[in-house]
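Colleague: I would like a close look at one part of this model, with the cut-offs spelled out. Please keep it plain.

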Amino acid sequence: MTRNFLFTLFFIFSAFSFFAQGTTVYSPQLINNTAPFPGESCASEYAENEFLKDPAYAQTRANFEAQIQQYIQQNSGSRAAGVVYTIPVVFHVMHSGEAIGDSTNISYPQALSCINALNRDFRRTAADGGIANSGPLVVDAEIEFCMAQRDPNGNATTGVTRHDMSGDQDYLDSGVYHTAALWRSDFSMKSSVNWDNTQYMNVWVVNKIRNLNNIYSSGGYSGGVQGYAYFPGAPSPYDEVVMVSFAVGNDPTGALGYNLWGPTDDNRVFTHEVGHYLNLYHTFSGTDSCTQVIPCATGGDRCCDTPVTTVGAGNNCTAPVCPLDNKENYMQYQNGSCASDFTPDQLACFSWINLLLRKL
Ligand SMILES: [Zn+2]
């Protein structure tokens, strides 16, 4: 089964991305883009760039980055092994009025499969359903996820809340982020049912993102943004993960009958977005050439052990974009079927965030 989960029209962009050696190492054009290019499935860095226009937020992020680099230097780029963080997750299913288990109103087992798949990827457990798990730089991130057991009032919960949005025509028509200029248009939706972001990872399961159809919409999904997350430091209720419903869950063989789009039925778009949520940039962030960004600790993706790469050609588990490209990295754009790596430096970045900043 083809899992070109991050691109459908990638070649359009790559045609303009030349891999000139020794040339540009920083691309304002990439940094300042305000909207994903056609077919791009992730909008996290665009949302981040929009937030960075706020000087207070930019200062918060700069302080975080300084703390992270200090932590990495003082701990030789790693943390004590064997300390596993567990992050409680709540899924807010913002469905279109369907019965539970139908279309955008995903079932509890489908949401739970997402948790299990996150644990597969962050703990680097055995291969699942034929999915590769053999990248060269892979480490056990020692982060786990679980369904929330208690709601903010201390009452028992399944970890899934359901919200019938069928009375909101704007949401039905456009979902969230319905124009490229309105990167904050998810605010009212999040504000209405947000759980404390210092206690939970809130996941918003939505019908559409940026006016792109769901697979259940008239016309159907034809490529584009499937998810985004905000980096640590974003104020509540922004500080969450937003996913289109058909990319939430793990059913690579289709045997479980979940409501998933075939090319992203292994939950690895979600893994990618949680990487952003835990402070990881794209491995190609801020560069459009195969020349190393210097200094690597503060430029590019801020991780010195992720080889330089560009946004690349996608959908290809065999041909690297740049000569040393860690094409298996979750924060690269590539097939879910070959995604398997978080590196030690990436681990250091989100360890610190969990322990001291988010306090989850
Ligand atoms: Zn991304």
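What share of the contacts in the protein with a separation of 6 or more comes from residues 24 or more positions apart? After that, please go through strand E4 (residues 201-206) and its surroundings.

Modeller: This is a predicted model, in which local features need pLDDT of at least 70 and side-chain atom pairs count only at pLDDT 80 or more, while totals for chains, interfaces and linings use all residues. Residues are numbered from 1 along each chain as its sequence is written.

The share is 70%: that part of the contacts in the protein with a separation of 6 or more is between residues 24 or more positions apart. Two residues are in contact if their C-beta atoms, placed from the backbone, lie within 7 Å. The protein has nine helices and six strands; these are DSSP runs numbered from the N terminus, with helices (H or I) of at least four residues and strands (E) of at least two. Of the 360 residues, 49% are buried. Buried stands for 20 or more other C-beta atoms within 10 Å of the residue's own, exposed for 12 or fewer, and partly exposed for anything in between, with C-beta atoms placed from the backbone.

Now to E4. Six of its six residues are buried, so the strand is largely enclosed by the rest of the structure. In a regular strand the side chains alternate between the two faces of the sheet. Here Met 201, Val 203 and Val 205 are buried on one side, and Asn 202, Trp 204 and Val 206 are buried on the other, which leaves both faces of E4 covered.

E4 pairs with E1 (residues 85-95); two strands pair if DSSP finds at least two bridges between them. E1 and E4 run parallel and are joined by five bridges. Along this pairing, Val 93 is opposite Val 205, and Asn 202 is the bridge partner of Val 90. E4 is also joined to strand E6 (241-244), with four bridges in the parallel sense. There Val 206 faces Val 244.

Five bridges link E1 in parallel to strand E2 (residues 143-147), where Val 89 is opposite Met 147. Another five link E1, again in parallel, to strand E3 (residues 160-164), and here His 92 is opposite Thr 161. Eight of the 11 residues of E1 are buried, so E1 too is largely enclosed by the rest of the structure.

E4 is also part of the cover over helix H8. That helix spans residues 268-277, and 10 of its 10 residues are buried, among them Arg 268, Glu 273 and Tyr 277. Besides E4, the cover of H8 includes helix H3 (44-51), H5, strand E5 (227-229) and E6. Just after H8, Asn 279 has a positive phi of about 90°.

H5 (residues 108-122) and H8 have axes that come within 10 Å and cross at roughly 65°. That makes H5 roughly perpendicular to H8. The axes are lines fitted to C-alpha atoms, for helices over the stretch in contact, and the angles run from 0 to 180 degrees between N-to-C directions. Angles of 65 to 115 degrees count as roughly perpendicular, under 35 as roughly parallel, over 145 as roughly antiparallel and the rest as oblique. The crossing of H5 with H8 is right-handed, meaning that the near helix is turned clockwise from the far one by less than a right angle, anticlockwise being left-handed. Cys 114, Leu 118 and Asp 121 of H5 meet Phe 270, Thr 271 and Val 274 of H8. These contact residues are four nonpolar, one polar and one charged, where Ala, Val, Leu, Ile, Met, Phe, Trp, Tyr, Cys and Pro count as nonpolar, Asp, Glu, Lys and Arg as charged, and the others, Gly among them, as polar.

Two loops complete the surroundings. In the loop between E1 and H5 lies Ser 103, a residue other than glycine with a positive phi near 50°. Ser 103 is partly exposed, with 18 other C-beta atoms within 10 Å. The loop between H8 and helix H9 (344-358) holds Arg 302, which has a positive phi of about 70° although it is not a glycine. Arg 302 is buried, with 23 other C-beta atoms within 10 Å. Asn 329 is in the loop between H8 and H9 as well, and is buried with 30 such atoms. Leaving out residues up to four places away in sequence, Asn 329 touches Thr 283, Thr 306 and Asp 341. Its C-alpha atom is 6.1 Å from that of Ser 340, 11 residues apart along the chain.
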